[in-house]
Amino acid sequence: MNNQLLVFVLDGRRYAVKLQAVERVVPAVEITPMPEGPDIVTGVINVQGQVIPVLNIRRKFRLHEREIDLNDNIVIVKGSKWTVAFAIDAVEGVISRRQEEIIPAGNILPEMEYTEGVVKIDDDIVFMHDIDRALSFEEKDKLEALIKG
């Protein structure tokens, strides 16, 4: 079975997320800050009447943080419990990989809690972001409480 992956770029490095989790990719929009949200949540966006939390995956991946640029994109993904978004520099495209071509994150380091696996593209190692494990239990509880209002 082949896995379709959306490949995106952050700070010149490639990352991926399973395409089946992606609802859409939209141009950068203004993010409304969420003062009481968990540190990993940058704020929220309104997409066709739906308020969606925006995660700061740069912080999770220990990348240089910066303001969102008008040329950036926002990826909206559906996890098992909720829909979230995150800002990226650019979409590179969609690739297909067989399951055996995906190295599970636990085979590399058990501590890779936000990463589902690793795939190779050309000579690059690309980390697959796991949206369901992107937040700690404490962050999930705070986010769920804020979403429910």
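Good morning. I begin with a sheet: six strands form an open, mixed sheet in the order S9-S1-S2-S12-S11-S10. At its edges stand S9 and S10, each with a single partner strand, so one side of each is left without a neighbour in the sheet. Strands here are DSSP runs of E with at least two residues, helices are runs of H or I with at least four residues, and both are numbered from the N terminus. Two strands count as paired if DSSP finds at least two bridges between them.

A word on the source: this is a predicted model, in which local features need pLDDT of at least 70 and side-chain atom pairs count only at pLDDT 80 or more, while totals for chains, interfaces and linings use all residues. Residues are numbered from 1 along each chain as its sequence is written, and side-chain values use heavy atoms, with hydrogens and water left out.

Let us go through the pairings of this sheet. Strand S1, residues 2–10, runs antiparallel to S9, and eight bridges join the two. Within that pairing, Asn-2 stands opposite Arg-98 of S9. Strand S11 has S10 as one partner: S10, residues 103–104, pairs with S11 in the antiparallel sense over two bridges. S11 also pairs with strand S12, residues 124–129, again in the antiparallel sense, over six bridges. Val-118 of S11 is the bridge partner of Ile-103, and Val-118 also stands opposite Phe-127 in S12. The hairpin of S11 and S12 has two residues between the strands, and Asp-122 there takes a positive phi near 55°.

How much of S11 is buried? Five of its seven residues are buried, so the strand is mostly covered, where buried means under 20% relative accessible area, exposed over 50%, and partly exposed in between, with a 1.4 Å probe and protein chains only.

There is also a second sheet to describe. Six strands form an open sheet in the order S3-S7-S8-S6-S5-S4, and its pairing is mixed. Strand S3 (22–27) and strand S4 (32–33) are at the edges with a single partner strand each, so one side of each has no neighbour in the sheet. S7 and S8 run antiparallel and are joined by six bridges. Ile-74 has Ala-87 in S8 as its bridge partner.

I turn now to the charged side chains. The structure holds 11 salt bridges, a salt bridge being a side-chain nitrogen of Lys or Arg within 4 Å of a carboxyl oxygen of Asp or Glu. One of them joins Glu-116 and Lys-18, with the closest N and O atoms 2.9 Å apart. Glu-116 lies in strand S11 (residues 115–121) and Lys-18 in strand S2 (residues 13–18), so this pair ties together parts that are 98 residues apart in sequence. Glu-116 is partly exposed at 25% relative accessibility, whereas Lys-18 is buried at 19%.

Which residues does Arg-66 meet in salt bridges? Asp-72 is one partner, at 2.9 Å from N to O, and Asp-89 is another, at 2.5 Å. Asp-89 sits in the loop between strand S8 (83–88) and strand S9 (90–98), and Arg-66 in the loop between helix H1 (57–60) and strand S7 (73–78), 23 residues apart. Salt bridges with shared partners join Asp-11, Arg-58, Arg-66, Asp-72 and Asp-89 into one network. As for accessibility, Asp-72 is buried with a relative accessible area of 6%, Asp-89 is buried at 18%, and Arg-66 is partly exposed at 32%.

Thank you for your attention.
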